[in-house]
Amino acid sequence: MLTWRNIQSTSTAELSFHLYWNAWRNDQSTWLREDWMRGRGHWTGKKVPDDAWAWQQVDSFRVGGDELPWRYIAPDDGNEDDRTVFHVDLPRAVSPGEEIEVEIDFRSKVPRTFARVGFRGDYVFAAHWFPKLGVFTDDGWVTPQFHSATEFFSDYGRYDVALTVPAGWTVGATGRLVAIEEQGETATHRFEQNDVHGFAWTASPDFISIERRFERPGLPEVDVRLLVQPDHLAQADRLFDASFAALESYGTWYGPYPYDYMTVVDPAYGSRTGGMEYPTFYTCGTRLSNPLGSGSPEGVTIHEAGHQFWYGVVGSNEFDHAWIDEGFNTFSTSRTEWVHYGPVYYSKRYFDPPGKSFGGFWRRLFPGLEWHAPTALRRRGRLSRSDSLTSDALAVPTWKHLPHEVGNLSYSKTALWLTTLERWLGWEKLQRGMSIAYRRGAYRAPTPEELFAALEEGAERDLDAFFDHVYYRSALFDYAVEKAGSRSVVPKGFIEQDDGELGLSKPDDDAEPMYRTDVVVRRHGDGVFPVDILLVYTDGNEERVAWDGEDRWHWIVREGPAKLERVVIDPDRVLLLDLDWRNNSRLMKGDRFAARAWAARWAGWVQDLFLTVGGFL
């Protein structure tokens, strides 16, 4: 039974629903066609086992006891073979503020885990398993087809769900467990939750259930339930600690977690259901060998717990604006990791099973080899090596992006421009703006323009030009040192003498040497951003020159008693969207001690690696 209230200012005489699992009904769906474009060839149908396919079927649709017809639609691409959206014409319009009750009988064929949904052995994970109502706005229904590289958008509501499973199985789901009714060989688990925009659940006889309470001064208490696999029980403390780190950081920075319950799921081995978020409920994932400091399972756990804020509470339209959730959360994840755990160090897995790309059973940490800092530098490298920067602008609806570039744009680019804002404006101003965005956007699915307004309010300055470059356009940032050098200020050639005649210049051996320094910097990309230019002289003095970065090139001239030793554009690495840091600096002297030092350090690491591997041969 579904009760829907029209909260908009216009009437509607139709309803529109998602049937997400029909994305895996056959290889003609829009989801699978787009997944091929992402380069994930194992989803083309050739390698999909028969029990992996899925479907959802509506058997009856009733309003007031009357059966109503329904039909499939494909509002995005017109694909007649896609079955992920269906439409119903109502016998009468539903006015603003009015409610309508709908009864839907449906069946779903559960897939073998497909895109983080399904079963593996006696483990079941079910998300988007029921006909899910679209979002009605004053402009009509927003019910996009299911696309391979985008996620979801739903209205908030109240869920009351009863799940009947074999007796002895542990069940976790959105909301709080309110009752278990035993029925011999089966048991019915009932869950309730208000003010959420979805409902997911999992069941298995193998889960070990552990509950602890999150308690921090100034934040509401939260009961956290962990469903962990028996072979990962030793990592339970780390999974709780990472979840608590997210609740504390996000709650302090942006606003408190508004629900009193949260369920964390450690999915079954090989199920491919890890790293996914649902209201008050998320999956993390770990392995037997995960040394502390490697970033796993802390990173994914913080990230999925963090989704409870930017995905769960703010509830953005991820079909059109996936970056609002994914990018804001990626930035916040990286910052939380740094605050609570410090740097993540490089690690490598060994003993990969033959013919598998598992990554290896045993993981070795390389302490001292910092892998990434709070600036999400891994994301920067990934973005600069991809074609994303010359692909679609973020302002283009996400579902229209080239599928294999969605991740780089929504996660990496957004996290990097947020980090650039932090380094440019300062954390206090960015944090204030993000807190305004979170609190005002709660349960509202705010527009990008509303978020930008909140960030500008926190920054207390106009950021339109910045957002124009990073959001509305695919601007490329690349500042480079074109030329740099120093020479004596004593001119060479003919100069006017004391008697007014021209004569060849002669150096004054008694005078203190003076030098003229010339530096030419260039803007290669179309992106504009203010940068500092650091001039370091041979006598140890330094000077910073502020450049608005608008002209295509800029010429700096200085005179002084020392030569230029080096020049660096953006020495504090504020602009993380700069494509190529290699051309940001120029060293005048021929000193290569730094290069030799790094070469020696790398040689030491390589030697250590070979000795380690050799010990097992």
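Biologist: Which element gives the largest share of the lining of the second largest pocket?
Modeller: That would be β13, with 6 residues. Keep in mind as we go that this is a predicted model.
Biologist: How many residues line the pocket, and which lie nearest its centre?
Modeller: There are 36 lining residues, and L2, T3, G157, R158 and Y159 lie nearest the centre.
Biologist: What's the volume, and how does the lining split by class?
Modeller: The second largest pocket holds about 1200 Å³ of space. Its lining has 21 nonpolar, 7 polar and 8 charged residues.
Biologist: Changing topic: how many cavities of 30 Å³ or more turn up in the whole structure?
Modeller: The search finds 4 of them. The largest cavity has a volume of about 80 Å³.
Biologist: What lines that largest cavity?
Modeller: Its lining consists of K132, F152, F153, S154, H197, W310, Y311, G315, S316, E318 and D325. By class, those are 4 nonpolar, 4 polar and 3 charged.
Biologist: Nice. On to the helices: at what angle do α4 and α6 pack?
Modeller: Helix α4 (residues 322–341) and helix α6 (residues 406–425) pack at about 60 degrees, and their axes are 7 Å apart. Because of that angle, α4 and α6 count as oblique to each other.
Biologist: Is that crossing left-handed or right-handed?
Modeller: α4 passes α6 in a right-handed crossing.
Biologist: Which residues meet there?
Modeller: From α4 you have A322, W323, E326, G327, F328, T330, F331 and R335, and they meet S410, Y411, T414, A415, W417, L418, T419 and E422 from α6. The contact divides into 8 nonpolar, 5 polar and 3 charged residues.
Biologist: And how does α4 sit against α8?
Modeller: α4 and helix α8 (residues 448–459) pack at about 40 degrees, with axes 10 Å apart. So α4 and α8 are oblique to each other too. Here the crossing of α4 past α8 is left-handed.
Biologist: Who's touching whom in that one?
Modeller: W323, I324 and F328 of α4 meet P448, L451, F452 and L455 of α8. That contact has 7 nonpolar residues, no polar and no charged.
Biologist: Great, thanks for walking me through it!

Terms used. Residues are numbered from 1 along each chain as its sequence is written. This is a predicted model: local features need pLDDT of at least 70, side-chain atom pairs count only at pLDDT 80 or more; totals for chains, interfaces and linings use all residues. Side-chain values use heavy atoms; hydrogens and water are left out. Axes are lines fitted to C-alpha atoms, for helices over the stretch in contact, and angles run from 0 to 180 degrees between N-to-C directions. Helices (H or I, at least four residues) and strands (E, at least two) are DSSP runs, numbered from the N terminus. Angles under 35 degrees count as roughly parallel, over 145 as roughly antiparallel, 65 to 115 as roughly perpendicular and the rest as oblique. A crossing is left-handed if the near helix is turned anticlockwise from the far one by less than a right angle, and right-handed if clockwise. Contact means heavy atoms within 4.5 Å. Ala, Val, Leu, Ile, Met, Phe, Trp, Tyr, Cys and Pro count as nonpolar, Asp, Glu, Lys and Arg as charged, and the others, Gly among them, as polar. On a 1 Å grid over the protein atoms alone, a cavity is a set of points where a 1.4 Å probe fits but cannot get out, and a pocket is an open set with protein on both sides within 12 Å along at least five of seven lines; lining residues have an atom within 4 Å of a point. Grid points are joined across faces, edges and corners, and a volume is the space filled by probe spheres set on the points.
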